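Trainee: Can you walk me through this one? I've never looked at it before.
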There are 2 protein chains.
Amino acid sequence: MSGGAHLPRGLHLLADFHGVDAERLTDPLAIETLLREAARAAGATPVGSNFHPFGPGLGVTGVLLLQESHISIHTWPEHGFAAVDVFMCGGARPERAVDVIEAGLCPTSFSCRDMLRGQLPPSIVSPSP
Amino acid sequence: MSGGAHLPRGLHLLADFHGVDAERLTDPLAIETLLREAARAAGATPVGSNFHPFGPGLGVTGVLLLQESHISIHTWPEHGFAAVDVFMCGGARPERAVDVIEAGLCPTSFSCRDMLRGQLPPSIVSPSP
């Protein structure tokens, strides 16, 4: 949690979902509901949200802000593609959020990369005396 | 732009800023202003925003949604730390956004990793005949 109980170390997952049916990628309310289910599965707590539809039949860009950081999504229904990132600090389980989103989007393929965030740089880990 | 003019290929920059003065990390309005300056420098267009302060003297979690994707920030003033991610598709220049945020936060050190998003997986790039 920024400025709160959690240390700023976290895991940031970047998940690209391909081969998703277009109708799963156009409804901002359905997408927000899916991201809230994902947050709940991860044990994270939403503190705000904003989902922007680009128009009927077009994509959605949105974010669910969390005490633990965020889940974002950007969709391209015309390419059957969604780019998701799940960044969580503390005891939340971001991989569970990705599992829920995969189950909701039913992609034909997806890739997920994980990046550690908030690691102290060497100059701070081993300061000069 | 999700569902619009841009292909879903983009660059996602994950920037960790260490050694930032706490007072630069607590004001949600100042942080939103900085992210909007960063978006402008990158040639990106905001379509929405949400910035959540955790309380006086505490951190901020927030996002600026863009036609080109998003800029997010999570701050820990008690650790002098901010985690930023800048994801942009199309012709925008996310590295310019990171430069503006670095200039605004004045960290003693920072690291930035870049990840390509939206690359077609091998199974789609080279489909079976």
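**Inside the fold**

Trainee: Let me start at one spot. What is A82(B) in contact with, apart from its neighbours within four places in sequence?
Mentor: A82(B) is in contact with F17(B), V20(B), L25(B), I73(B), H74(B), T75(B) and L105(B). Contact means that the C-beta atoms, placed from the backbone, lie within 7 Å.

Trainee: How should I read the labels and the model?
Mentor: This is a predicted model: local features need pLDDT of at least 70, side-chain atom pairs count only at pLDDT 80 or more, and totals for chains, interfaces and linings use all residues. Residues are numbered from 1 along each chain as its sequence is written, while chains are lettered from A and ligands numbered from 1 in the order in which they are written.

Trainee: OK. Which residues have the most contacts inside the largest nonpolar core?
Mentor: A82(B) is one of them, alongside A39(A), I71(A), A82(A), A39(B), I71(B) and V84(B). That core has 66 residues. A nonpolar core is a set of buried Ala, Val, Leu, Ile, Met, Phe, Trp, Tyr and Cys residues joined through C-beta atoms within 7 Å. Buried means 20 or more other C-beta atoms within 10 Å, exposed means 12 or fewer, and partly exposed is in between.

Trainee: Why would such residues gather?
Mentor: In soluble globular proteins, nonpolar side chains tend to be buried together.

Trainee: Zoom out. How many helices and strands are in chain A?
Mentor: Chain A has 3 helices and 6 strands. Their order from the N terminus is β-α-β-β-β-β-α-β-α. Both kinds are DSSP runs numbered from the N terminus: helices are H or I, at least four residues, and strands are E, at least two. Of the 129 residues in chain A, 50% are buried.

Trainee: How do strand 2 and strand 3 of chain B run?
Mentor: Antiparallel, with 7 bridges joining residues 46-53 to residues 60-66. Strands pair when DSSP finds at least two bridges between them. P53(B) stands opposite V60(B). The hairpin has 6 residues between the strands, and there G55(B) takes a positive phi near 140°.

Trainee: Is C106(B) buried or exposed?
Mentor: Exposed, because C106(B) has 11 other C-beta atoms within 10 Å. In chain A, C106(A) also shows a positive phi near 50°.

**Between the chains**

Trainee: How do the copies superpose?
Mentor: A rotation of 180°, with 0.0 Å of shift along its axis, puts chain B on chain A with RMSD 0.0 Å. The copies are therefore related as by a two-fold rotation axis. In chain B, the C-alpha of N50(B) is nearest the axis, 3.3 Å from it.

Trainee: Why do we say the copies meet through the same surface?
Mentor: Because 100% of the interface residues of chain B are also interface residues in chain A.

Trainee: Which residues does L14(A) touch, beyond four places in sequence?
Mentor: L14(A) touches D85(A), C112(A) and R113(A), plus H12(B), M115(B) and R117(B) in chain B. L14(A) lies in strand 1 of chain A. L14(A) is buried, with 23 other C-beta atoms within 10 Å.

Trainee: Last thing: how does the model score?
Mentor: ipTM is 0.88 and pTM is 0.89. Chain A averages a pLDDT of 90, and 88% of the residues score at least 70. pLDDT is the predictor's confidence in each residue, from 0 to 100.

Trainee: Where in chain A does pLDDT stay under 50?
Mentor: Over residues 122-129, for which the model has 4 contacts beyond four places in sequence.

Conventions:
Contact = placed C-beta atoms within 7 Å. Least-squares fit on C-alpha atoms with pLDDT ≥ 70 in both.
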